[in-house]
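Please open the model in your viewer and keep the sequence panel beside it. The stops below are meant to be followed in order.

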Amino acid sequence: MAKIDQINDKILQELSRDGRISNLELADRVGLSPSACLRRVQELERSGVIQGYRAVINPAARDVGFVAYMTVGLGLHTKSAQEAFERSVALAPEVRECHNITGTVEYLLRVEARDLADYKRFHTDVMGTLDQVNSITTFVVMGSPKDERA
């Protein structure tokens, strides 16, 4: 894996802000020649430090007006129960993130829906039909004053 020195850290910060920045502009911002900057970016990509580039999409353009975080507790704490749950969640387009966590529940999901009624449908018709699910708690997002996801 590429070494994360001060210059590589600056490169990563700039790319996380704007993944479409030109190499010329990036080199200027981090104080390198364009060729040295390009070599470093390519090494960060090759070594897996940079795993990809994404577009940040306006939620309204996707008809998303409701975001919630959902904790999910499973009834059984077995590998097969977790795998079955994860397979089901992978098929649900409303689930934008799924994290296996520690604590009193097994999963934290970020769910996007059109509105509250659409979320209720997802909660009942998708999550409510999974045999592995023992408990669900929903935290509705009212605003996001800081969100650095790409």
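The tour goes from a pair of helices to the cores and then to one aspartate.

This is a predicted model, in which local features need pLDDT of at least 70 and side-chain atom pairs count only at pLDDT 80 or more, while totals for chains, interfaces and linings use all residues. Residues are numbered from 1 along each chain as its sequence is written, and side-chain values use heavy atoms, with hydrogens and water left out.

Select residues 6-17, helix α1, and residues 34-46, helix α3, whose axes come within 11 Å and cross at roughly 80°. The two helices therefore count as roughly perpendicular (65 to 115 degrees). Show side chains next: Ile7, Asn8, Ile11, Leu12 and Leu15 of α1 make the contact (heavy atoms within 4.5 Å) with Cys37, Arg40, Val41 and Leu44 of α3.

Now select Met70, Val72, Phe85, Leu109, Tyr119, Phe122 and Met127, which have the most contacts inside the largest nonpolar core, a set of 18 residues. Such a core joins buried Ala, Val, Leu, Ile, Met, Phe, Trp, Tyr and Cys residues through side-chain atoms within 4.5 Å, buried meaning under 20% relative accessible area with a 1.4 Å probe, protein chains only. β1 (66-74), α4 (79-90), β3 (107-113) and α5 (116-126) each supply at least two of its residues, and the largest share, five residues, comes from β1. Apart from this core lies another, of 13 residues, including Val30, Leu32, Leu44 and Ile50.

Finally, select Asp118 in helix α5, which counts as buried at 11% relative accessibility. A polar atom of the Asp118 side chain lies 3.0 Å from the backbone nitrogen of Arg114.

Note on methods
Buried < 20%, exposed > 50% of the residue type's maximum accessible area, 1.4 Å probe, protein only. Helix = DSSP H or I, 4+ residues; strand = E, 2+ residues; numbered from the N terminus. Polar contact = N/O pair within 3.5 Å; in protein donor to acceptor, adjacent residues only side chain to side chain. Axes fitted to C-alpha atoms, helices over the stretch in contact; angles between N-to-C directions. Parallel < 35°, antiparallel > 145°, perpendicular 65-115°, else oblique.
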